[in-house]
Amino acid sequence: MEAVSNFFGRVRKKEVIARIDRFINSKYMLAVFALLSLLSNIFRLEILVYCITFCVALYTVLFGKDMLIIAAVVFFMYISPSDTNNPFIHTDSFFFPGNGAALWLIVAFILLFLVAVCVRIATDGGFVAFLGHKRALLPGFLLLFAAFLLGGSGYEKYDWRNITYSLLLIASFFLPYFFLTACVRWKEVPKDYFAWLGLIAGFTVVFELVNVFVIHADNIFSDGAILRHYIYTGWGTYTSMSVVMLICMPCAFYLAAVKKHGFIFNILGNLIYCAIVLSNGRGSILMGAVVYVLCAVAVLRRRNNRRANAVVYAVVLIGAAVAVGILHDHVRQLFAFILDPNLGDSNRFALFKDGLQRFFNLPLFGQGFYACPPDFWNNAGGATFLPAFWHNTFIQMLAACGIAGLAAYLFHRFQTLLLFFRKPGFAKTFMGFSVLGILLTCLLDCHLFNIGVGLIYSVILAFAEKSGEMEREAEDDLAASFFRRHQKKCVVPAAYIAAEGEKGNGGDAA
């Protein structure tokens with residue numbers, strides 16, 4: 001093992017590896033991931049994109065300086081599947097075992113990646129140091145996982161799929177946090193890295209949403225109104241797309257507060273919220289407005305760019321008021337579906353009542369995750385690995401895991417509150433706004449239990465916990481450095497030639 005460790009150590013010290021590493025850990029690599037996600041989602045090139053991503057991730061884990069790549073892979077691979085491979089809608093999706101070898105290739109990639117991670121840990125400090133690394137949220141996570149696994153114990157109609165789903169849920173909540181907290185050189189991670197990650201991922205979803213409107217235009221628009229049930233892609237419906245954009249929105253406003261010409265990022269943040277509104281996810285529109293106001297207050301309290309950002313907010317507010325006032329009928333018609341009073345609560349109160357009744361029937365451990373009555377999305381494509389949800393996190397925990405589950409969840413929530421309010425920082429505050437966006441929408445939905453959002457949540461917690469260790473405010477801009485070097489190469493020869501010319505002229509005069 002020592003020989004292997006020495007080999008990897010020598011390779012990682014090479015200058016060419018350091019240069020590649022610098023690019024992979026930059027915002028430009030995030031843009032590459034965004035492009036790959038769009039190629040996968042829009043042009044249905046999932047397998048090609050997964051192969052490229054696997055190679056980049058494998059190389060970085062084995063030869064890079066750390067495993068920061070995990071954060072980008074989690075964000076962008078979650079939002080990469082195309083609409084034709086949505087397992088909840090299409091029975092021929094390659095995410096089903098019987099539809100070709102694609103699923104097994106993806107499983108092989110994941111397993112090989114985990115093996116590579118284990119090799120890296122073994123050769124870079126060892127498992128004892130890795131497992132013993134201080135993780136502030138570990139006690140709450142362990143209690144939560146125990147509650148997941150015990151959920152439904154004693155229920156006469158217990159569904160054994162609870163075990164596999166609980167393990168999947170545990171993996172989504174914990175694995176990214178578990179690895180990132182211990183396997184990243186946080187002192188070298190710039191404080192704006194997560195903001196760039198969120199901004200670029202957020203606009204990736206915006207472009208995907210635009211594509212959905214284009215390819216489903218005949219169905220989405222009916223008599224000038226948006227029919228939101230036709231807004232879906234390979235990894236989720238309008239609710240999933242809207243909540244991911246909500247998670248990413250604070251990242252744009254953080255950059256608006258700290259960057260030169262920050263008003264540009266302020267405009268981008270407002271565009272993300274406009275996309276949330278167009279997605280027609282009522283929960284994200286409502287809770288997104290709360291997060292938007294909190295972001296605006298935080299941005300305007302900071303001296304940087306205050307005047308320019310205030311102008312942007314004023315223009316947006318006046319523009320929205322004028323648009324609603326002048327185009328009132330058109331706006332009302334466009335959003336007729338979500339403004340329709342007959343839409344009501346989308347059956348939520350019935351689900352809340354059902355969940356509470358199941359809790360009262362088995363109050364200690366509940367009736368398990370699969371006791372929830374299935375809805376349309378759980379039957380359309382035949383995918384049954386995800387249960388239906390009670391559309392409220394607290395009722396979800398009570399119905400599925402009983403009072404033991406709710407107690408564990410509240411302890412985890414208490415620990416996350418301490419995480420964000422102890423040693424507060426500006427970057428951590430905006431990460432907190434992203435988490436708050438998830439939690440607020442989960443009062444009307446259960447995004448945390450939808451695996452993908454759970455993975456993103458786990459990444460955010462890792463960045464928030466380690467934000468205090470980040471010593472760099474921003475990354476060195478690779479493009480700016482390249483142009484500076486290029487300019488120097490061009491300027492020096494020009495100056496030399498001019499000097500030689502003067503010498504030559506002087507000699508001729510003599």
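Phe-194 and Phe-463 are both buried (under 20% relative accessible area, with exposed over 50% and partly exposed in between, using a 1.4 Å probe and protein chains only). The model is a predicted one, in which local features need pLDDT of at least 70 and side-chain atom pairs count only at pLDDT 80 or more, while totals for chains, interfaces and linings use all residues. Residues are numbered from 1 along each chain as its sequence is written, and side-chain values use heavy atoms, with hydrogens and water left out.

Aromatic pairs come up a lot here: the structure holds 42. To make that count, rings of Phe, Tyr and Trp (its six-membered ring) need centres within 6.5 Å; planes under 30 degrees apart are stacked, over 60 edge-to-face, and the rest tilted. Take Phe-54 and Phe-109, a stacked pair at 4.4 Å centre to centre with 15° between the planes. Phe-54 sits in helix 4 (residues 46–63) and Phe-109 in helix 6 (residues 102–123), so this pair ties together parts that are 55 residues apart in sequence. Helices here (H or I, at least four residues) are DSSP runs, numbered from the N terminus. Phe-54 is buried, at a relative accessible area of 13%, and Phe-109 is buried at 15%.

Back to Phe-194 and Phe-463: their ring centres are 5.4 Å apart and their planes at 45°, so this pair is tilted. Phe-194 belongs to helix 10 (residues 193–215) and Phe-463 to helix 21 (residues 452–466), so the link spans parts that are 269 residues apart in sequence.

Then there is Lys-259, found in the loop between helix 12 (238–258) and helix 13 (263–279). Leaving aside residues up to four places away in sequence, Lys-259 touches Asp-192, Trp-196, Phe-265, Asn-305 and Ala-474, where contact means heavy atoms within 4.5 Å.

On to helix packing. Helix 19 (residues 393–421) and helix 20 (residues 426–441) pack at about 155°, with axes 10 Å apart. That angle makes helix 19 roughly antiparallel to helix 20 (over 145 degrees; under 35 is roughly parallel, 65 to 115 roughly perpendicular and the rest oblique). Axes are lines fitted to C-alpha atoms over the stretch in contact, and angles run from 0 to 180 degrees between N-to-C directions. On the helix 19 side, Tyr-409, Arg-413, Leu-419 and Phe-420 meet Lys-428, Met-431, Gly-432, Val-435 and Leu-439 of helix 20. The residues of this contact split into 6 nonpolar, 1 polar and 2 charged, with Gly counted as polar.

How values were computed:
Helices (H or I, at least four residues) and strands (E, at least two) are DSSP runs, numbered from the N terminus.
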